[in-house]
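Subject: Structure handover and notes

Hello,

Here is the structure I promised to pass on. Please open it first, then read the notes.

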Amino acid sequence: MTVTKFYASWEKENGEAEIINAFQGIRLRDDARIFTKPKEKGSLYDIETGLHVLPRQGRKNGKGQPYFSYYSKEESPLKNRPSSFAYTPELNVFLRAFDGIRKFRIQERISEPVVEIYVNHSWKLQRIEAEPDYFIVKIYLELLETKPYSYFYKWNGRLALEFLATSEPIPLKRVLLAKRGIPLYEARAIIPEWIQKTLPEEFDTEEEFDQIAKQIRETYSNTNYRLLGKFEREAITLPEYKERYETMERFEIQCKELEAQVRELRGCVEELKQMQEKLQKEIEEQQILL
């Protein structure tokens with residue numbers, strides 16, 4: 001069974017784990033920082049199954065985009081079952097772009113408010129245990145703050161991103177994450193047109209991959225670009241956040257009402273000003289006639 005993947009988990013000697021891409025895997029192997037043979041000494045694992053994997057060079061005569069594959073004669077528990085996601089160029093580059101992003105904006109519909117997201121920490125391809133199963137969250141964010149501020153408390157200070165590059169999450173994933181208070185934002189992996197023109201079917205070099213990811217990150221961080229998507233299921237607000245959320249939401253509603261009143265008063269002032277100017281002009285015209 002041939003299985004190729006672009007990301008894997010690197011289990012370090014100090015007990016820490018890091019999600020790395022295949023370019024990084026090749027570099028770790030070539031720098032002799034990891035073992036790939038024998039399999040038992042390997043420290044790279046498939047994110048979904050936990051089986052050992054090893055990095056391989058691309059299929060274009062040893063060049064082209066590298067990948068991770070299972071060892072020969074390895075029997076995957078996912079055999080004859082669809083993978084929970086496929087590694088497309090769009091997904092690969094969005095995972096790189098949003099891993100480490102510090103701020104971006106989301107909007108569900110044109111009628112919904114734009115929410116600014118400020119990130120404290122991020123994890124890509126985070127495994128969320130939900131006995132007896134588990135789910136892979138594409139990007140898992142620990143938030144620093146949001147604007148409007150109430151969304152930070154509504155979302156329990158965290159947010160999960162699902163990039164819809166191939167398929168949608170299964171309903172059970174939405175349900176269980178919502179019950180755990182993890183809001184799941186299903187975003188469209190929209191690559192700006194001027195970047196899409198340079199997006200290859202496969203990345204031949206790590207520099208090319210990083211450059212496009214950097215362009216996407218800067219576009220969503222530093223321009224008016226918004227990550228469009230939707231919350232298919234509303235996550236519960238945990239008790240420790242609920243009171244602060246309700247208080248902040250009431251405050252924001254009151255601020256909007258005051259802003260509306262200020263706009264109305266300014267409109268009245270402008271109308272009175274125009275009336276005054278009109279009367280002044282009529283007085284001047286009468287004075288000329290007299």
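My notes follow, by topic.

This is a predicted model, so local features need pLDDT of at least 70 and side-chain atom pairs count only at pLDDT 80 or more, while totals for chains, interfaces and linings use all residues. Residues are numbered from 1 along each chain as its sequence is written, and side-chain values use heavy atoms, with hydrogens and water left out.

**Cores**

A nonpolar core here is a set of buried Ala, Val, Leu, Ile, Met, Phe, Trp, Tyr and Cys residues joined through side-chain atoms within 4.5 Å. Buried means under 20% relative accessible area, exposed means over 50%, and partly exposed is in between (1.4 Å probe, protein chains only). The largest core has 58 residues. Those touching the most other members are Phe94, Phe98, Phe104, Leu161, Phe163 and Leu227. Helix H2 (residues 89-98) gives the most to this core, 6 residues. Helices (H or I, at least four residues) and strands (E, at least two) are DSSP runs, numbered from the N terminus.

Take Leu161. Contact means heavy atoms within 4.5 Å. Leaving out residues up to four places away in sequence, Leu161 touches Phe98, Phe104, Val137, Lys138, Ile139, Leu141, Tyr185 and Leu227. Another core, of 7 residues, lies apart from the largest one. Its members include Ile128, Val137, Tyr140 and Ile182.

**Helix H4**

Which residues of helix H4 (residues 171-179) are buried? They are Lys173, Arg174, Leu177 and Ala178. Seen down the axis of H4, these fall within an arc of 125°, so they line one face of the helix. The arc is that of the directions from the helix axis to the C-beta atoms. An α-helix has 3.6 residues a turn, so residues three or four places apart point the same way. Pro171 and Lys179, on the other side of H4, are exposed. The cover over the buried residues of H4 includes strands E8 (115-130), E9 (133-147), E10 (158-163) and E11 (184-187). Gly181 follows H4 and has a positive phi, near 80°.

**Salt bridges**

A salt bridge is a side-chain nitrogen of Lys or Arg within 4 Å of a carboxyl oxygen of Asp or Glu. By this rule the count is 13.

- Lys173 pairs with Glu162; the closest N and O atoms are 2.9 Å apart. Lys173 sits in helix H4 and Glu162 in strand E10, 11 residues apart. Both Lys173 and Glu162 are buried.
- Asp46 pairs with Lys5, with the closest N and O atoms 3.7 Å apart. This pair links distant parts of the chain: Lys5 is in strand E1 (residues 4-5), and Asp46 is in the loop between strand E4 (44-45) and strand E5 (53-56), 41 residues apart. Asp46 and Lys5 are both buried.
- Lys5, Asp46 and Glu48 are linked in a network of salt bridges.
- Asp30 pairs with Arg29 at 3.1 Å between the closest N and O atoms. Arg29 counts as partly exposed, at 29% relative accessibility.

**Cavity**

On a 1 Å grid over the protein atoms alone, a cavity is a set of points where a 1.4 Å probe fits but cannot get out; lining residues have an atom within 4 Å of a point. Grid points are joined across faces, edges and corners, and a volume is the space filled by probe spheres set on the points. There is 1 cavity of 30 Å³ or more.

**Backbone points to check**

Most residues other than glycine have a negative phi, and most peptide bonds are trans. A cis peptide bond joins Lys37 and Pro38, with omega about -10°. Pro38 lies in the loop between helix H1 (22-30) and E4. The bond from Lys147 to Pro148 is also cis, omega near 0°. Pro148 is in the loop between E9 and helix H3 (150-154).

Leu125 is not a glycine, yet has a positive phi of about 50°. Leu125 is in strand E8 and counts as buried, at 2% relative accessibility. Asn156, also not a glycine, has a positive phi of about 60°. Asn156 lies in the loop between H3 and E10 and is buried, at 4%.

Best wishes

Key. On a 1 Å grid over the protein atoms alone, a cavity is a set of points where a 1.4 Å probe fits but cannot get out, and a pocket is an open set with protein on both sides within 12 Å along at least five of seven lines; lining residues have an atom within 4 Å of a point.
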